[in-house]
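Me: I would like to learn how to read the features of this model. Please take them one at a time.

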Amino acid sequence: MSISNADSETGTTLSYGVVEGSVDFRGKPSVRSSSGGWRSSGFIIGAEVSEKFAYFGVATNLITYFTGQLGESTAAAASNVNLWLGTAAFLPLIWGSIADSFLGRYRTILFTSSLYILGLGLLTFSATIPSACKDQETLVSCVSQFKVTIFFCALYLIALGEGGFKACLRAFGADQFDEQDPEESKAKSSFFNWLYFAISFGILATRLISNYVQENLSWALGFGIPCVSMMLSLFFFLLGTNTYRFSTGGEVRQGRKHNNPFVRIGRVFVAAAKNRRETSSETLLIPHESSKQFRFLDRAAISCDSAEVEEAKAVLSLVPVWMCCLVFGIVYAQSPTFFTKQGDTMDRSISPTLSVPAATLQVFISLSILVFIPMYDRVLVPIARSITHKPAGITTLQRITTGIFLSILSMVIAALVEMKRLKTARDHGLVDSPNAMVPMSICWLIPQYVLYGVSDVFTMVGLQEFFYGQMPIELRSLGLSMYLSVIGIGNYLSSFMVSVIEKATSQPGQVSWFDNNLNQAHIDYFYWLLACLSSISFVSLVYFAKSYVYNSPK
């Protein structure tokens with residue numbers, strides 16, 4: 001590839017306008033003036049907004065579909081929602097590996113978006129199947145098994161497509177900014193902020209439109225609209241093809257024995273274990289500064305090349321942060337499940353003739369994000385930058401820890417509001433009336449939703465930037481997949497916790513924390529438990545953040 005004679009190690013702009021390490025859609029070296037930057041990322045942001053409209057059009061009100069159309073209990077419905085959300089957020093680890101190994105981000109996006117659209121179409125079809133059947137012997141109403149089978153097949157086909165789409169689209173968007181150029185490097189940090197800002201518009205729209213359509217018009221139409229939105233997302237993405245930069249991963253790919261990142265990283269750990277008896281003088285020295293960490297992996301350099309050892313070290317250094325953030329993933333799972341079920345029991349009327357669906361209250365998450373991101377990017381960051389002299393104002397780990405602290409406050413407020421709701425139900429004699437409306441406005445839930453949204457601005461955007469920036473260039477799809485897996489495993493853990501607590505508290509003479517009659521249940525206990533776990537997570541992350549050594553892009 002032809003590049004300029006500028007010193008690439010100094011981070012100066014390439015004099016001939018050729019972007020190192022990337023090509024255009026024709027396979028020729030990317031020209032800075034006609035590719036990448038905000039020009040290309042605009043198409044990607046448009047695709048992301050439309051996709052999030054589709055995804056949250058299904059996810060936001062899914063628990064209502066489970067408990068209503070499919071007739072499941074509250075605990076079973078919450079568990080099913082968490083399992084699905086967890087799968088959708090965990091699959092990016094697999095797709096990220098596939099994209100980084102051989103398929104590439106662009107082709108992975110095209111393939112998985114096709115699966116995504118197929119799943120949404122099948123989900124729409126499942127909603128047209130009659131919900132009830134009659135058992136010929138008992139004449140008891142039941143849910144059609146055919147409907148349930150088609151529904152779950154569609155749901156997990158959506159998870160399969162969505163997992164690959166989001167694993168690659170954000171990494172592909174960040175690839176449009178050259179880290180060796182000072183201006184584009186600064187713009188990349190803003191890209192993650194404004195991407196999340198734009199996504200929140202899509203989520204806000206679907207929470208206002210899809211939730212209303214699903215509960216007041218038709219579930220089939222409510223699922224059909226997200227299907228059309230996903231088609232629009234694919235159209236937006238294809239529209240920008242001529243302007244995209246396609247990362248070649250530099251020259252580090254050459255001479256490698258394995259393209260699969262899991263295989264390469266696994267080889268390093270196996271080789272280090274095999275060579276554990278070797279003395280330090282017999283190991284090959286690695287000249288990179290980051291090799292000062294995890295020196296025990298240097299023994300792998302006898303049979304692995306230095307780039308592979310550095311990859312393994314980079315991934316291993318992220319594991320403590322990743323583990324500390326898993327509790328945040330559990331907290332993240334509560335908005336579309338128990339927050340929504342709380343609202344179902346409260347006074348949802350905004351006029352004598354109009355009631356809002358409980359899931360619609362999630363718009364306050366999106367609204368708080370829309371309000372706070374411009375404040376953060378245009379006010380807080382410049383102030384912090386003038387104090388710390390860091391391009392992003394504060395480090396990504398400082399941003400993440402701030403978000404986790406706010407999530408603790410959100411859980412505390414949620415627990416206090418639930419305690420008040422239970423007291424109101426007792427005071428009005430509604431403890432044994434599960435379908436009765438508790439005379440307490442649903443607006444009491446707004447503060448926990450708002451704090452939840454502001455927490456997202458710090459934690460979610462911080463996690464994206466951290467896992468993308470701290471991964472070697474070749475593994476950045478995998479890096480963003482690690483960020484998404486925080487949410488995925490958090491949902492799995494939430495489902496596991498709900499199942500264990502449901503079994504432990506459903507003993508004879510006891511009322512389950514997640515009883516179908518929420519006026520007897522104790523979701524507040526669950527919120528207090530999450531607040532305590534989040535506090536431990538917060539303290540642990542602060543401890544690891546103090547000693548974390550940031551890797552510069554190689």
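Me: Is Thr505 buried or exposed?

Reply: Buried means under 20% relative accessible area, exposed means over 50%, and partly exposed lies in between, with a 1.4 Å probe and protein chains only. Thr505 has a relative accessible area of 11%, so Thr505 is buried. Before going on, note that this is a predicted model, in which local features need pLDDT of at least 70, side-chain atom pairs count only at pLDDT 80 or more, and totals for chains, interfaces and linings use all residues. Residues are numbered from 1 along each chain as its sequence is written, and side-chain values use heavy atoms, with hydrogens and water left out.

Me: Where is Thr505 placed, and which residues is Thr505 in contact with, leaving aside neighbours within four places in sequence?

Reply: Helices are DSSP runs of H or I with at least four residues, strands are runs of E with at least two, and both are numbered from the N terminus. Thr505 is in helix H16, residues 476-505. Contact means heavy atoms within 4.5 Å. Leaving aside neighbours within four places in sequence, Thr505 is in contact with Gln510, Val511, Ser512 and Trp513.

Me: What is the relative accessibility of Thr108, and what does Thr108 contact?

Reply: Thr108 lies in helix H5, residues 105-128. Its relative accessibility is 0%, so Thr108 counts as buried. Beyond its neighbours within four places in sequence, Thr108 is in contact with Trp95, Ala99, Leu103, Gly164 and Cys168.

Me: How many helices and strands does the chain have, and what share of its residues is buried?

Reply: The chain has 17 helices and 9 strands. Of its 554 residues, 57% are buried. Among contacts with a separation of 6 or more, 78% are between residues 24 or more positions apart.

Me: At what angle do the axes of H10 and H17 cross?

Reply: Axes are lines fitted to C-alpha atoms, for helices over the stretch in contact, and angles run from 0 to 180 degrees between N-to-C directions. Angles under 35 degrees count as roughly parallel, over 145 as roughly antiparallel, 65 to 115 as roughly perpendicular, and the rest as oblique. The axes of H10 (residues 306-324) and H17 (residues 523-547) come within 9 Å and cross at roughly 160 degrees. H10 and H17 are therefore roughly antiparallel.

Me: Which residues of H10 and H17 meet?

Reply: Pro320, Val321 and Cys324 in H10 meet Ser537, Ser540, Leu541 and Phe544 in H17. For classes, Ala, Val, Leu, Ile, Met, Phe, Trp, Tyr, Cys and Pro count as nonpolar, Asp, Glu, Lys and Arg as charged, and the others, Gly among them, as polar. The contact of H10 with H17 has 5 nonpolar, 2 polar and no charged residues.

Me: How do the axes of H3 and H4 cross?

Reply: The axes of H3 and H4 (residues 92-103) come within 5 Å and cross at roughly 15 degrees. That makes H3 roughly parallel to H4. Ala88, Ala89 and Phe90 in H3 meet Pro92, Leu93 and Ile94 in H4. By class, this contact has 6 nonpolar, no polar and no charged residues.

Me: How many disulfides does the structure hold?

Reply: A disulfide is a covalent bond between the sulfur atoms of two cysteines. The criterion is a pair of cysteine sulfur atoms within 2.5 Å. The structure holds 0 disulfides. Cys153 counts as partly exposed, at 45% relative accessibility.
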